Amino acid sequence: MRRKQRAASGQGGESGSIFASRARPVYFNVLARKRYRGLTCALTAASFLALAESGALAGEATLQGRSAAQPSYEQLLEKLDRMEARMRALESELHRKGEADANHGSKARAAATRGKAANGTAEASTAAGAPESQQSATVEPPPPGKRTPGEVSRLYEAPGFLGARETTLLEAPRPADTGLFGAAPSPVPGLVIGAYGEFAFGALQNPAANGQWQTGFDTTRLVLTPSYLFNDNIIFNSEIEWEHGGIATDADDKLTGEINIEQAWVDFRITPYFNIRAPGIDLVPIDWLNLYHEPTRYYSVLRPELNRGLIPSTWRAPAASIWGQLIEGVNYQFQVNSALEDFGGGPITDARTPLPFPIGYNPGITGIAAVRAARAPIGSFRQLSNYLGYIFRLSYAPTFLPGFDGGTSVYFTPSTTPRGAYSQLNGAPLGRSSLTILETDFRYHVPDTGLEFRGEFADILIGNPANLRVNNDLDPFNNVGKSLWGASGEVAYHLPLSPFFGPILGSNWEAVPFYRYTYQNFQTGGFAGTDLNFPVGFGRTQFHVAGIAVFPTPELVLKLNYLRAIDAAPGGINSNSVLGGLGFYF
Amino acid sequence: MDGWIRWGAPAAAIAVAFPAYAYQYSTVGAAQQQAFPGARFEEIQPQRVWKALVGGRVTGYFFVDHVIGKHLYIDYSVALGADGRVRRVEILTYRESYGFEVANAGWLAQFTGKSSGSALAVGQDIRNISGATLSSRHVTEGVKRILAYYATRLR
């Protein structure tokens, strides 16, 4: 096709580009006359298709172009329009390179002719079903002689409102710009690394020291969140966490934290209504705060009390799920994971059981810490039972109540009893005990005000308390009944500070004073087991937390709060605290 | 075998019925037609800005843009009327696993009627989505940027 052009233009030595400046004016001037109209159209179509080849190569990686299915007429038309747009963009570049005034009139006619010919080609190649809007997507050519070259080029190249190079970004939608902590380009296309973390410091009462007030500092956590886009349908997401500053390498070291994989999973995005998350380490979808646990999502320094034992945030497990949207505003997730196990950590035998009677082992479910210690291990095949847990969660943001969103979850496992479980009284084996969790939560931000309400309720139902280790470990004070439950309510007010102070340090600050009340009862009735049972009341706790969280930006928060803890035990819980904190999430 | 069919058939039916990519809620052409039914579109800037014409008269402008969600891009479109007010905001493509509540029609309806003089701040005139704080903030900033672009360049 390019050879035909060269022959027609009579200049064999020219490059194949039809934008060769010297050849064009003569070519189109002569051939624009009436009797050469047909030849003009044919040659223009040929050159258009030739350019379309190179244009297609450049603009190939578009959303439509990558569809594996047979492209529809609409898609073909859109493709043709894009090629035409590229032609015009290149032409405007030429204009800017300073064409002579004398040639400008013929160029304008050439644009008109080429535009009409291209349109003719498009119309000829499609059926009547082509949508109206696509057929005449040309810019009206300026009448010859009426505009200067500068004006013409300005019409064709309106500046991009995100910068000149942004015009090509939609054709290659890979997040290459700010993949490294949101600040710098990522070293590997498709790889994005973010982070979040928090610190806490202040004064706490130490219950083990009779309630003595002690000050301290905790590097609560620092989490890296690498994620990678394999392609547009397969995404890898992970969180790697350093808690409490790191881990010790020997017994004398002062570090007592942990490094762990908090999340690592691959998502197969199929449709908005059905997606598959392959087996990996995933968050259990049992509570909004378990899913969204970054420090900028809650206002207190420490995570809300209900989420520290009853729903042990961050609760993650080896898991696989299906998830998606049911109807607008309602999302679902169904997950299968390694079940909670009634084993509180410590050495295990090679047969993957707790150490045998009479050595003893710690329970996973207790009247003090609920199920915090019962989360399944994620490494080295150390899970102590073959049981699985099943969770279903519905999250909803109803359109009839703007500002409200909530969720409800149900968890069930047939048994939490590990293999080789036994009573510490006589070594008798413990049988199965199912566990069900019912949970519901909500957040309501009253529209057009700064007022926000949050609430949460969770209830753990034990199938057979007689088979729980905590009821058979010779400790009469920490036993558990048929249920453990808790509820909390929180009120907060979002106060933007910029009306008073204007932007401080370059951003608009927001202060959120809040108050939260939590009630928990881990030692209800229904106890059964070989222990004696003297619940002294520390299973029934109330927490009052009042404080303020200040957000310099939504990604950074400074916190200060006072926590008052009350329990029904005679000596009191002795766990009040005044803490400050800093958290970030980017 | 029975179990496979019982669970696999509906899943396969869903996957076949929706051959488009999961997160692609709408195409540019479909969004254009939804915002300006029956209009024809002239490109002002290739693939980014269109003028909508009905019977030769300009009825509005149509913008396609993208913003970052948390890590990945969200493609969205903003349709402005001839008076410069937002007619419709639509999410074209949402790629991340969390935060797709920004695509809910109820949330996007908040933008209808906004102009370049509106505050357009999450927490003030735009509701926050508690599970999609970053996406909702970035989409709001994107719409604000497009309104500013319109006010300074096209009006």
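Which residue in the turn of the β4(B)–β5(B) hairpin has a positive phi?

1. **The turn.** That residue is Gly84(B), with a positive phi of about 85 degrees. Four residues lie between β4(B) and β5(B) in this hairpin.

2. **Basis.** This is a predicted model: local features need pLDDT of at least 70, side-chain atom pairs count only at pLDDT 80 or more, and totals for chains, interfaces and linings use all residues. Residues are numbered from 1 along each chain as its sequence is written, while chains are lettered from A and ligands numbered from 1 in the order in which they are written.

3. **Chain B overall.** Of the 155 residues, 53% are buried (20 or more other C-beta atoms within 10 Å of the residue's own, with C-beta atoms placed from the backbone).

4. **The strand pair.** β4(B) covers residues 73–81 and runs antiparallel to β5(B). Seven bridges join them; DSSP must find at least two for strands to pair. Tyr76(B) has Ile91(B) as its bridge partner. β5(B), residues 86–94, is mostly covered, with nine of its nine residues buried.

5. **Helix α2(B).** This helix spans residues 28–35, and its buried residues are Val28(B), Ala31(B), Gln32(B) and Ala35(B). They line one face, because they fall within an arc of 105 degrees seen down the axis. The arc is taken from the directions from helix axis to C-beta atoms. An α-helix has 3.6 residues a turn, so residues three or four places apart point the same way.

Notes: A residue is buried if 20 or more other C-beta atoms lie within 10 Å of its own, exposed if 12 or fewer, and partly exposed in between; C-beta atoms are placed from the backbone. Helices (H or I, at least four residues) and strands (E, at least two) are DSSP runs, numbered from the N terminus.
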